[in-house]
Amino acid sequence: MISIGEPVNGQELLAEFMRYGRQRPFEEITRRYAGMVFNVCLRVTKDKHDAEDATQAVFLTLALQAKRGVEIKALGPWLQHGAKRLSLDMRRSKKRRKPREERHHAEQTLRRNS
């Protein structure tokens, strides 16, 4: 078992999390990579709150994949790719949702004024 005080790479931390299910290795992964993931998300979403949501989603996805035993060969690139993909999904969803919300608001305004 790896001690968090030892200098270990993210891949070893992930392996320990997958093997034993302990939170400390996952927390260390999050601490080490959160800034990088957030920056990728922020570049894509261009919105701080959306970037924070996407960052959380990336780490949740990592935890779920690890619990399922999905092999992640290179943690850093996997996180970067996941951050970009989830951020793009979030941006597309927001872009599609905005016209629907505007239409709904306009319809509600018309009903109130009728």
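Me: At what angle do the axes of H1 and H3 cross?
Reply: Roughly 60° in this predicted model. The axes of H1 (residues 10-20) and H3 (residues 48-68) come within 8 Å.

Me: Is the crossing left-handed or right-handed?
Reply: The crossing of H1 and H3 is right-handed.

Me: Which residues make the contact?
Reply: H1 brings Leu-14, Phe-17 and Met-18. H3 brings Leu-62, Ala-63, Ala-66 and Lys-67.

Me: And by class?
Reply: Six nonpolar, one charged and no polar residues.

Me: Staying on H3, what span does it reach?
Reply: H3 has 21 residues and reaches 30 Å from first C-alpha to last. That is close to the 30 Å expected at 1.5 Å a residue.

Me: Which of its residues are buried?
Reply: In H3, Asp-50, Ala-51, Ala-54, Thr-55, Val-58, Phe-59, Leu-62, Ala-63 and Ala-66.

Me: What do those buried residues pack against?
Reply: The buried residues of H3 pack against H1, H2 and H4, the helix at 75-113.

Me: New topic. Where is Lys-46?
Reply: Lys-46 is in the loop between H2 (23-45) and H3.

Me: What about its phi?
Reply: Lys-46 has a positive phi of about 60°, although it is not a glycine.

Me: Buried or exposed?
Reply: Lys-46 counts as exposed, because its relative accessibility is 66% and the cut-off is over 50%.

How values were computed
Residues are numbered from 1 along each chain as its sequence is written. This is a predicted model: local features need pLDDT of at least 70, side-chain atom pairs count only at pLDDT 80 or more; totals for chains, interfaces and linings use all residues. Side-chain values use heavy atoms; hydrogens and water are left out. Axes are lines fitted to C-alpha atoms, for helices over the stretch in contact, and angles run from 0 to 180 degrees between N-to-C directions. Helices (H or I, at least four residues) and strands (E, at least two) are DSSP runs, numbered from the N terminus. A crossing is left-handed if the near helix is turned anticlockwise from the far one by less than a right angle, and right-handed if clockwise. Contact means heavy atoms within 4.5 Å. Ala, Val, Leu, Ile, Met, Phe, Trp, Tyr, Cys and Pro count as nonpolar, Asp, Glu, Lys and Arg as charged, and the others, Gly among them, as polar. Buried means under 20% relative accessible area, exposed over 50%, partly exposed in between (1.4 Å probe, protein chains only). The expected span of a helix is 1.5 Å times one less than its number of residues.
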